[in-house]
Amino acid sequence: MELLWEKCRTEGTEGARILRILGNDGQIEIPDQVWDHEETGKRLPVLEMAEYVCSAMMRKEPKPAPFQETIPVLCGDKVESVSLPKTLVRIGRYGFYNCGALKKFTFWSSMAD
């Protein structure tokens, strides 16, 4: 599983927003942190998931890195289970829209939105 993400700031904390998930099986397990290789070389907590993150109907797909281009997007009916980290505080609108095969969804009470 690979993640497409961007930096974000939520309630004064710098972290990462997951834009899209790439993978070959229906199991999504989002880590607590992502590695920021480009600028600081530090780990950022995963704070948010973007709008339509797992929806098959995203208006503008984020561009994957060259090494990720052959990995399919994990969305829609391909998603069977989701496990979210304790650091996550927000899921954007329609995050799991039309994920009809989703059977298991695990999250923490620390999620506010």
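K42 counts as partly exposed, at 37% relative accessibility (buried means under 20% relative accessible area, exposed over 50%, partly exposed in between, with a 1.4 Å probe and protein chains only). This is a predicted model: local features need pLDDT of at least 70, side-chain atom pairs count only at pLDDT 80 or more, and totals for chains, interfaces and linings use all residues. Residues are numbered from 1 along each chain as its sequence is written, and side-chain values use heavy atoms, leaving out hydrogens and water.

K42 forms a salt bridge with E14, the closest N and O atoms being 3.5 Å apart (a salt bridge is a side-chain nitrogen of Lys or Arg within 4 Å of a carboxyl oxygen of Asp or Glu). K42 lies in the loop between β4 (33-35) and β5, and E14 in strand β2, so the pair ties together parts 28 residues apart in sequence. Strands are DSSP runs (E, at least two residues), numbered from the N terminus.

The structure holds 8 salt bridges. In another, E6 meets R17, with the closest N and O atoms 2.4 Å apart. R90 pairs with E48 at 3.9 Å, N to O. E48 is buried, at 6% relative accessible area, while R90 is partly exposed at 25%. Salt bridges link E6, R17, E48, R90 and D113 in a network.

M49 is in contact with R17 and R90, among others beyond four places in sequence (contact means heavy atoms within 4.5 Å). Its partners also include I18, I21 and I30.

Conventions: Helices (H or I, at least four residues) and strands (E, at least two) are DSSP runs, numbered from the N terminus.
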